[in-house]
Amino acid sequence: MINPWIIVAVLLAILGAGAGGFKLGADHEVASQARNDEQIKKVEDAVIAANATAIAQIKPRYTTIQGKLEKQYETQTVFRDCKLDDVSFRLLNEALASPSDQKADRVVSDRKPFEGLLHA
């Protein structure tokens, strides 16, 4: 018959080998991650250096354009996209109208944006 202490010793040896293998695997993974981190750092440094070199080679060219446009006048200003509610529109008309001009309420009721505000 097999001695029970031999069975216990074999089981402890198997458990010890498993634990040692696990520790070696964990150490290997840490070392692998450190190598990957070093490689990533080297690539980042190379990319940063390449970008810095490319940016340093950019030479902006400043040019003054003369004689293309002397004066520009806007003569037909049209306010098509006025999206004011009635209260805001009335307040705008009152602000733009002179104190003696009482036509601001008429413009609000027409709902034509800015029509007649300055030339009532």
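Which helix holds both Lys23 and Asp27, and how many residues apart are they? I begin my notebook with this pair, and I record that the model is a predicted one.

**Entry 1: Lys23 and Asp27**

I found both residues in helix H1, four residues apart, which is about one turn of the helix. I then looked up the contact between their side chains. Lys23 forms a salt bridge with Asp27, and the closest N and O atoms are 3.3 Å apart. I recall that side chains of opposite charge can pair when their charged atoms come close. I also checked the accessibility of Asp27.

**Entry 2: Lys41 and Asp45**

I next examined another pair in helix H1. Asp45 and Lys41 are four residues apart in this helix, about one turn. Their side chains meet in a salt bridge, with 3.5 Å from N to O. I noted the accessibility of each partner. Asp45 is partly exposed at 39% relative accessibility, and Lys41 is partly exposed at 47%.

**Entry 3: Arg90 and Glu94**

I then turned to helix H2, which covers residues 86–96. Arg90 and Glu94 are separated by about one helical turn, because they stand four residues apart in this helix. I read a distance of 3.0 Å, N to O, for the salt bridge between their side chains. Arg90 has a relative accessible area of 31% and is therefore partly exposed. Glu94, at 40% relative accessibility, is partly exposed. The structure holds three salt bridges.

**Entry 4: a nonpolar patch**

Which residues make the nonpolar surface patch of about 590 Å²? I listed Ile2, Ile6, Ile7, Val10, Leu11 and Ile14. Val10 is found in helix H1, which spans residues 4–56. With a relative accessibility of 44%, Val10 counts as partly exposed.

**Entry 5: the whole protein**

Finally, I looked up the overall values. How many helices and how many strands does the protein have? I recorded three helices and zero strands, and the pattern along the sequence reads α-α-α. The protein has 120 residues, of which 8% count as buried.

Terms used: Residues are numbered from 1 along each chain as its sequence is written. This is a predicted model: local features need pLDDT of at least 70, side-chain atom pairs count only at pLDDT 80 or more; totals for chains, interfaces and linings use all residues. Side-chain values use heavy atoms; hydrogens and water are left out. Patches are made of residues with over 30% relative accessible area and no salt bridge: like charges are joined within 9 Å, nonpolar side chains (Val, Leu, Ile, Met, Phe, Trp, Tyr) within 5 Å. Accessible areas come from the Shrake-Rupley method with a 1.4 Å probe; for residues, only the protein chains shown count as cover. A salt bridge is a side-chain nitrogen of Lys or Arg within 4 Å of a carboxyl oxygen of Asp or Glu. Helices (H or I, at least four residues) and strands (E, at least two) are DSSP runs, numbered from the N terminus. Buried means under 20% relative accessible area, exposed over 50%, partly exposed in between (1.4 Å probe, protein chains only).
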